[in-house]
Amino acid sequence: MTNDQPLGSVIQGSLSKGLEVRLHADVSVEDMRVGKFLVVRGVRSHFFCMLTDVSLGTSSDRILSNPPNPNDDFLIAVLAGSSTYGTIQLAPMLMLTAEREKQQAIFAPNSSKTNGKKSATQNLGSLQPQSSADMELLPVKTIPSHFSQVFDAKETDFRAVFGWEDDPYRRNFAIGKPIDMDVPVCLDLDRFVERSNGIFGKSGTGKSFLARLLLSGIIRKQAAVNLIFDMHSEYGWEAVSEGKQFSTVKGLRQLFPSQIQIYTLDPESTKRRGVRDAQELYLSFDQIEVEDISLVQRELNLSEASIENAIILRNELGTGWINKLLEMSNEDISMFCDEKRGNKSSIMALQRKLERLNDLKYIRKRCPKNYVSEVLQCLDGGKNVVIEFGSHSDLLSYMLAANVITRRIHQAYVRKAEKFLQSKNPCDRPQPLVITIEEAHRFLDPAIVRSTIFGTIAREMRKYFVTLLIVDQRPSGIDGEVMSQVGTRITALLNDDKDIDAIFTGVSGGQSLRSVLAKLDSKQQALVLGHAVPMPVVVQTRPYDEQFYREIGDIDWQEMPDAEVFAEAEAAKMDLGF
């Protein structure tokens with residue numbers, strides 16, 4: 001069966017509940033997969049639809065009460081298509097209308113120009129977009145008429161909706177292919193970095209691989225500069241591939257050596273893994289504020305009273321309040337409480353529990369230089385930064401460092417954005433920054449989201465040219481207001497009903513997509529919906545393999561001798577004062 005043969009006819013439906021299609025007799029219901037991309041050719045419009053459900057129907061209840069013998073192939077064949085048939089449910093997502101005044105711009109030069117309903121439909125069937133600028137896809141505001149024919153989507157349909165990677169008008173990146181076709185499905189990266197985005201899926205579904213795919217596309221297309229908090233050391237140099245046999249895949253530094261700088265909070269761990277020319281990064285107690293302590297309140301087992309007394313200490317002792325608190329004796333604390341009305345037991349508990357921060361290898365009482373400023377200089381220079389945590393992969397270390405660093409970088413971007421808004425000079429426009437965080441629900445929990453810098457960034461919607469890339473397996477743990485601001489959602493398999501509900505927060509027509517999400521394969525399949533794609537689509541995600549390295553990576557560097565690589569690394573260290 002070719003793509004030009006109709007699969008079925010629209011028999012009923014509504015704009016809110018979708019379309020019901022009866023399959024033709026020669027079409028097997030087993031060929032219909034949830035998430036499939038289909039096209040309904042109406043009289044005046046094409047309707048691009050997603051298949052959301054498959055069912056069986058009969059013309060008479062007598063057939064159900066007296067079914068044919070399984071071995072009676074002749075009777076089964078007689079009943080098939082007339083008395084027994086398959087039906088599918090379609091959710092219309094976009095429509096393309098053949099407006100007469102636009103036909104010259106939309107259709108191929110050799111399209112027919114005859115008038116009448118029939119010729120309009122034929123022209124739609126021969127759609128050949130010349131570029132993304134030629135297409136005007138509209139939201140669905142009507143439905144096709146009875147008995148409109150349903151077809152498999154062709155390559156031209158996918159190009160019309162999702163574009164193509166070499167489009168000269170857009171920064172498109174192929175994230176994968178449809179589940180039943182060898183056609184790329186592209187994200188519009190300019191729209192992708194305009195808002196915060198999320199990659200979701202239960203453990204083991206390949207969220208980190210998806211994140212590396214997207215980050216590679218952003219770097220290759222130069223859509224934004226990236227700051228990646230690499231909790232498990234999977235993005236920088238290399239990562240372990242999932243599977244029965246042990247193997248590794250290349251990290252971003254190997255693919256884009258001239259565009260990636262790795263910083264490490266655990267230099268010894270980084271060296272043991274053979275990572276080249278990673279820079280050390282340390283934080284001092286002077287850089288930690290009460291808001292950072294409040295974020296890890298649960299990990300440090302601090303009471304609300306201790307946080308309130310931390311505010312008193314900060315107000316009285318200034319930015320170095322943690323160093324001064326840790327140096328206080330019991331008598332000093334008593335004197336302070338008598339003078340400033342602090343609570344002695346709460347301050348002593350705070351002092352005792354902040355001692356745990358001394359165990360973190362990247363924490364210093366005072367730093368000889370500002371390492372966060374170095375990170376910011378890299379980002380300003382267009383370099384993407386990966387911050388590795390090494391053995392500091394516990395939540396206390398990760399949440400504290402990520403919050404401290406992000407808050408300072410965000411403050412710098414706020415100043416840049418305000419300068420640009422004042423000057424209107426394109427040279428002052430900050431380059432968009434995408435911050436990647438894992439275990440995002442820890443930062444965006446409803447109880448603390450308003451006190452974290454990540455909650456602020458997610459709600460600002462690129463007001464200051466900073467957005468988030470959230471990687472998480474528990475979207476239900478993320479504040480609902482934040483989830484409603486997530487622009488593009490790339491979701492692998494989820495089983496928990498609460499997590500599935502969270503994915504469709506703020507998404508119109510989300511109920512029809514629940515069945516699609518629940519039926520994904522456990523590996524290399526994802527539902528993509530939101531700001532960066534014209535309509536929801538299920539994709540077989542692009543393999544992260546040698547072919548991908550050749551297509552996306554920096555080929556010139558791969559042939560550079562190791563001696564030159566290390567010489568460049570030593571020169572960079574000398575430039576930075578190491």
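Which residues in H14 meet which residues in H15? Select both helices to find out.

This is a predicted model: local features need pLDDT of at least 70, side-chain atom pairs count only at pLDDT 80 or more, and totals for chains, interfaces and linings use all residues. Numbering starts from 1 along each chain as its sequence is written, and side-chain values use heavy atoms, without hydrogens and water.

**Stop one: the helix pair.** Select residues 330–340 for H14 and 344–354 for H15. Helices are DSSP runs of H or I, at least four residues, and strands are runs of E, at least two, numbered from the N terminus. From H14, Asn 330, Ile 333, Ser 334, Phe 336 and Cys 337 meet Lys 344, Ile 347, Met 348 and Gln 351 of H15. Contact means heavy atoms within 4.5 Å.

Now look at the axes. They come within 10 Å and cross at roughly 135 degrees. Axes are lines fitted to C-alpha atoms, for helices over the stretch in contact, with angles from 0 to 180 degrees between N-to-C directions.

**Stop two: the sheet.** Next, show the open sheet of twelve strands, which has mixed pairing. Its order is S9-S8-S23-S22-S21-S10-S20-S19-S11-S18-S14-S15. Pairing requires at least two DSSP bridges between two strands. Select 185–188 and 279–280: these are the edge strands S9 and S15, each pairing on one side only.

Move to S8 (residues 172–178) and S23 (residues 537–541). They run antiparallel, joined by three bridges. Pro 178 has Val 539 in S23 as its bridge partner.

**Stop three: a helix over strands.** Select H18, residues 453–460. H18 lies across S19 (433–438) and S20 (466–472), at about 115 degrees to S20.
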